[in-house]
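Reader: Hi! Could you show me this structure and walk me through it?
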Amino acid sequence: MQYPQAAAAPDRACAHNLVVRPSICFSPKIIICRNRQPAINFNSTKLSSALPSSGLRSMSISRPANHSATRASSTSSSSSSSFSCSSSPWDEKPYQVLSSGKIVYLDEQDVVTFLDPPKELIPLDPASYNPASYLWKKIGDIPEERRHRLLSLLNPRLISQAWEIAGTRYNNSKLVQKSASSLLAIGDTETVAEIWKCRTSGGPLQIAWLNFFKKVVFRTGDGRTYGRLISESVFSGLSNSFYPLYFTVSELKEVMSTEQPCDLAYEFKDGILDLPDFPRGFPKPAEHPWPFNDEIVIYIRHVGPGVMVGQAWQEGKALQQVPKKLCSEILMVKEYLSSQPQSS
C-alpha cells in the first residue's frame with residue numbers, strides 16, 4: 001500500500017524515498033533528511049591510554065584526512081521539544097534541543113530511523129535502490145568523534161537489522177570494495193593499530209562481559225593482521241592478562257554456517273599464536289579459555305566508515321557438533337582518538 005508522499009526540499013530526499021524490505025517489521029520514529037556535512041578534520045595522532053593494561057602509547061595511528069567539510073551549527077535558545085525548520089532547507093541545524101536541555105543529533109537519528117523507519121514510508125522497488133549504500137552515506141555524515149553514540153542508540157534488534165542491510169552491499173561492485181577500516185583498506189601501509197568499541201548481547205553467562213568490550217586490530221612486522229578482544233569490566237583484569245583473546249584476521253567471503261556473504265573472519269583457534277611482534281604492554285599469547293577454544297569465528301561485514309557488524313559462531317572442534325551463534329550480532333565502532341576532549 002502506498003501513502004501520499006510529502007514534498008521534499010530541493011536536493012534533500014527524505015525518508016519517504018527509502019526501501020522498505022518486505023521481511024522487516026518497522027515502528028515509527030522520525031523522518032530522515034539528507035545532505036548534512038561532517039564537521040571534523042582528522043590528523044595523525046597517538047593511541048590513547050584508554051585500554052586496560054594497554055601499552056600502545058608508542059604506536060602511532062594515521063588517519064586519512066578526508067573529512068574537511070565544516071558544519072554550520074549554533075546553540076538553540078528554544079526550550080521547545082519540537083524541531084522547527086528554517087525557511088531555507090540549507091539552514092537546517094544538525095541537532096534539536098529538547099525541553100530538558102538534552103541535545104539530540106540528527107545525523108545519528110537518521111541512522112536509527114533508517115534501521116527502524118515509520119510504517120507510512122512509500123515502498124520502492126528493491127531493484128532500483130541499494131539500502132546498504134544509503135546506510136553507508138548516513139554513517140559517513142556523522143562526524144567521527146560522535147559515532148560512538150551509535151553504541152547506545154542501536155539496540156540489539158537494530159544491530160541485527162544493520163547486519164541484514166549490510167548484506168545488500170554485495171549487490172554493488174563499487175560499494176563492496178569499500179572498507180570501514182583504514183588499517184584493512186587496500187593500499188594503506190601507515191596505520192598499524194586501531195581500537196574499536198563493541199556492543200552485543202545474549203552471550204553465555206560465562207562471557208557476559210562481551211556485552212560491552214573493546215577490540216584492538218594491529219598489523220605485525222610480517223604484514224599480517226591480528227587482533228585482541230579486551231573486556232572493559234573491572235572484574236576481568238586478571239583474565240585480560242592471563243587469557244588474552246588473540247585472533248587472526250583473514251579475508252573471507254562467506255559465513256560457513258549460513259553461506260551468507262561477509263568481508264572478514266576473526267579466527268580464535270586455540271590462542272597459541274606465534275606472533276612476530278605485538279603492541280607494547282600486551283601479554284604473550286596463551287591458550288584460550290572456553291568457549292573461545294571451541295573454534296570461535298567472528299564474521300565481519302563493513303557497514304560504513306568506522307562501523308562494522310559481526311556474527312560470532314561457535315563452530316566446535318567435534319565433527320558432529322552443529323555450529324551455533326555465540327551471541328547476537330556485534331556492533332563495532334572505531335574509537336575516535338584526539339588530543340582534544342570528546343563531547344559526551
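Predicted model: local features only at pLDDT ≥ 70, side-chain atom pairs only at ≥ 80, totals over all residues.

Reader: Thanks! How many salt bridges does a search of the whole structure find?
Author: The search finds 12. A salt bridge here is a side-chain nitrogen of Lys or Arg within 4 Å of a carboxyl oxygen of Asp or Glu.

Reader: Nice. Which residue does R146 pair with?
Author: R146 pairs with E108, at 2.8 Å from N to O. R146 sits in the loop between helix 2 (131-141) and helix 3 (150-153), while E108 belongs to helix 1 (residues 106-115), so this bridge ties together parts 38 residues apart in sequence. Helices (H or I, at least four residues) and strands (E, at least two) are DSSP runs, numbered from the N terminus.

Reader: And are R146 and E108 buried or exposed?
Author: Both are buried. Buried means under 20% relative accessible area, exposed over 50%, and partly exposed in between, with a 1.4 Å probe and protein chains only.

Reader: Which residues are linked with R146 and E108 in a network?
Author: D107 and R149 join R146 and E108 in a network of salt bridges.

Reader: What about K137, which residue does its side chain meet?
Author: The side chain of K137 meets D141 in a salt bridge, 3.1 Å from N to O. Both lie in helix 2, 4 residues apart, about one turn of the helix. K137 is partly exposed, because its relative accessibility is 27%, whereas D141 has 7% and so counts as buried.

Reader: Got it. And what does E329 form with K325?
Author: A salt bridge, with the closest N and O atoms 2.6 Å apart. E329 is buried at a relative accessible area of 6%, and K325 is partly exposed at 34% relative accessibility.

Reader: Let's switch to helices. How do the axes of helix 1 and helix 2 cross?
Author: The axes come within 8 Å and cross at roughly 160°. Axes are lines fitted to C-alpha atoms, for helices over the stretch in contact, and angles run from 0 to 180 degrees between N-to-C directions.

Reader: How many residues of helix 1 are buried?
Author: 10 of its 10 residues are buried. They pack against strand 3 (95-97), strand 4 (103-105), helix 2, helix 3 and helix 4.

Reader: Last topic: which residues touch the most other members of the largest nonpolar core?
Author: L115, L135, L154, Y299 and L331 do, in a core of 31 residues. Its largest share, 6 residues, comes from helix 4. A nonpolar core is a set of buried Ala, Val, Leu, Ile, Met, Phe, Trp, Tyr and Cys residues joined through side-chain atoms within 4.5 Å. Apart from this core lies another, of 25 residues, including C198, L245, V249 and Y266.

Definitions and conventions
Residues numbered from 1 in each chain as written. Heavy atoms only, no water. Contact = heavy atoms within 4.5 Å.
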